[in-house]
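I opened this notebook to record what I looked up, entry by entry, with the cut-offs noted as they came up.

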Amino acid sequence: MKITVQSIGLTPHEPLETHIDKKVTKLETFYDKIHECKVFLKVENTSDRANKTAEVILAVPGEDIVVKKTSTTFEESLDLCVDAAKKLLIKKKEMA
């Protein structure tokens with residue numbers, strides 16, 4: 001699976017990139033037909049502390065899986081995305 005990370009308005013530090021790699025690679029254990037994963041990181045322009053958004057797009061046969069979550073840290077946002085994507089992948093696998 002090819003993993004692409006795109007950050008808008010920030011430069012992800014090494015521990016964050018490692019965290020992304022580790023979390024996203026685990027998704028293949030739930031569904032082995034993932035072609036590509038795109039991760040978008042963005043700081044929302046709000047006064048709220050929960051302004052770090054992560055969006056995960058999984059290219060799979062049929063319709064792509066898109067999950068977007070916002071929280072106080074990118075790591076937490078990514079964890080929420082991966083958890084939601086995991087449930088969707090399991091559901092997709094059961095339907096196949």
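Predicted model: local features only at pLDDT ≥ 70, side-chain atom pairs only at ≥ 80, totals over all residues.

I began with Asp79, which counts as partly exposed at 24% relative accessibility; on this scale buried means under 20% relative accessible area, exposed over 50%, and partly exposed in between, with a 1.4 Å probe and protein chains only. Residues are numbered from 1 along each chain as its sequence is written, and side-chain values use heavy atoms, with hydrogens and water left out.

**Entry: the salt bridge.** I looked up the partner of Asp79 and found Lys23, the two side chains meeting in a salt bridge at 3.7 Å, N to O; the term requires a side-chain nitrogen of Lys or Arg within 4 Å of a carboxyl oxygen of Asp or Glu. The pair links distant parts of the chain, since Lys23 lies in helix α1 and Asp79 in helix α2, 56 residues apart. The structure holds 1 salt bridge, and Lys23 is partly exposed, with a relative accessible area of 22%. Helices (H or I, at least four residues) and strands (E, at least two) are DSSP runs numbered from the N terminus.

**Entry: helix α1.** Helix α1 covers residues 14-26, and its 13 residues reach 19 Å from first C-alpha to last, close to the 18 Å expected at 1.5 Å a residue; the expected span is 1.5 Å times one less than the number of residues. I found Leu16, His19, Ile20 and Val24 buried in α1. Seen down the axis, the buried residues of α1 fall within an arc of 115°, so they line one face of the helix, the arc being that of the directions from the helix axis to the C-beta atoms. Glu14, Pro15 and Lys22 are exposed on the other side of α1. The buried residues of α1 pack against β1 (2-8), β2 (36-43) and α2 (74-95), where contact means heavy atoms within 4.5 Å.

**Entry: helix α2.** The 22 residues of α2 should span 32 Å at 1.5 Å a residue, and the end C-alpha atoms are 31 Å apart, which agrees. Among the buried residues of α2 I listed Phe74, Leu78, Cys81 and Leu89.

**Entry: cysteines.** How many disulfides does the structure hold? I found 0 disulfides, a disulfide being a pair of cysteine sulfur atoms within 2.5 Å. The sulfur of Cys37 is 9.6 Å from the closest cysteine sulfur, in Cys81, too far for a bond. Cys37 counts as buried at 0% relative accessibility, and Cys81 counts as buried at 0% as well.

Entry: Strands β3 (residues 52-59) and β4 (residues 65-71) run antiparallel and are joined by 7 bridges; two strands pair if DSSP finds at least two bridges between them. They form a hairpin with 5 residues between them, and Gly62 in the turn has a positive phi of about 90°. The bridge partner of Leu58 in β4 is Ile65. Lys69 is also found in β4 and is partly exposed, with a relative accessible area of 33%. Leaving aside neighbours within four places in sequence, the contacts of Lys69 include Lys52, Thr53, Ser77 and Cys81.
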